[in-house]
Amino acid sequence: MKQRSDSTTDQAPADPAATDDVLAGQPVGYWSGRAHAAVTRHLRDAMARIDVTQPQYWVLNRVSGGPTAPDRAEVVAQLSPLADGPDEISRVVDQLLHRGWLRADAAQRLHLTGTGEAARIRLRALVTEVRVEVHAGVTDEEYVAALKVLRTMVANVEGDGHA
């Protein structure tokens with residue numbers, strides 16, 4: 001059984017300059033949305049400087065990260081919920097095939113090429129650098145606490161009971 005907060009804090013309008021003493025009344029959607037937009041923009045800007053997109057990174061990781069090579073449909077099905085539209089991941093697969101970072105075998109299963117694996121490793125290093133920037137001043141314990149709170153809020157509104 002989930003424990004519910006006994007908080008009766010009123011919802012206040014979003015305020016980027018809110019002081020700590022009034023943060024409890026700030027809308028989570030505003031702050032989580034701002035965090036998502038800022039972090040995503042920062043990461044995508046860093047990737048753009050090396051001519052790669054975040055969805056390309058997702059596809060490289062998905063193709064390399066499984067016991068069996070996926071086909072296009074599997075990659076599209078898994079990653080489309082993260083994408084900016086229903087056709088984006090299929091286009092990214094085409095881009096990576098054209099770039100020579102992916103190849104399709106006779107069964108149309110996707111594999112990283114040597115160049116694709118080198119790009120994935122380079123991107124992993126970049127993402128790690130960006131993570132260090134984003135997490136500056138935030139301890140692992142604070143980060144875990146923030147994610148646990150967000151996970152609980154998602155479970156509260158989705159009703160899946162997995163808080």
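**Charged pairs and rings**

Trainee: How many salt bridges does the count come to?
Mentor: The count comes to 6 salt bridges, and please keep in mind that this is a predicted model.

Trainee: Ok, what does Arg-44 meet in a salt bridge?
Mentor: One of the salt bridges joins the side chains of Arg-44 and Asp-84, at 3.4 Å from N to O. This pair links distant parts of the chain, since Arg-44 belongs to helix 1 (residues 28-48) while Asp-84 sits in the loop between helix 3 (72-79) and helix 4 (88-99), 40 residues apart.

Trainee: And is Asp-84 buried or exposed?
Mentor: Asp-84 counts as exposed, because its relative accessibility is 61%, whereas Arg-44 has a relative accessible area of 26% and is partly exposed.

Trainee: What about Asp-51, which side chain does it meet?
Mentor: Asp-51 meets the side chain of Arg-99 in a salt bridge of 3.1 Å, N to O. Asp-51 lies in the loop between helix 1 and helix 2 (54-64) and Arg-99 in helix 4, so the pair ties together parts that are 48 residues apart in sequence. As for accessibility, Asp-51 is exposed at 53%, and Arg-99 is partly exposed at 30%.

Trainee: Where does Arg-99 lie relative to Trp-101?
Mentor: Arg-99 lies over the face of Trp-101, at 4.6 Å from the ring centre, and Arg-99 is also the residue that forms the salt bridge with Asp-51.

Trainee: Which ring does the charged end of Arg-131 sit over?
Mentor: That would be the ring of Tyr-143, with the charged end of Arg-131 placed 5.3 Å from the ring centre.

Trainee: Back to salt bridges, what does Glu-74 pair with?
Mentor: The side chain of Glu-74 meets that of Arg-109 in a salt bridge, with 2.8 Å from N to O. Here too the pair links distant parts of the chain, with Glu-74 in helix 3 and Arg-109 in the loop between strand 1 (102-104) and strand 2 (110-112), 35 residues apart. Glu-74 is partly exposed, with a relative accessible area of 34%, and Arg-109 is partly exposed as well, at 28%.

Trainee: New topic, how many aromatic pairs does the count come to?
Mentor: The count comes to 1 aromatic pair. It is formed by Tyr-30 and Trp-31, whose ring centres are 5.0 Å apart, with 85 degrees between the planes.

Trainee: Why is that edge-to-face?
Mentor: The planes are 85 degrees apart, and the pair is called edge-to-face because angles over 60 degrees count as such. Tyr-30 is partly exposed at 25% relative accessible area, and Trp-31 is partly exposed at 30%.

Terms used:
Residues numbered from 1 in each chain as written. Predicted model: local features only at pLDDT ≥ 70, side-chain atom pairs only at ≥ 80, totals over all residues. Heavy atoms only, no water. Phe/Tyr/Trp six-rings, centres within 6.5 Å; stacked < 30°, edge-to-face > 60°. Buried < 20%, exposed > 50% of the residue type's maximum accessible area, 1.4 Å probe, protein only. Lys NZ or Arg CZ within 6 Å of the ring centre and 35° of its normal. Salt bridge = Lys/Arg side-chain N within 4 Å of Asp/Glu carboxyl O. Helix = DSSP H or I, 4+ residues; strand = E, 2+ residues; numbered from the N terminus.
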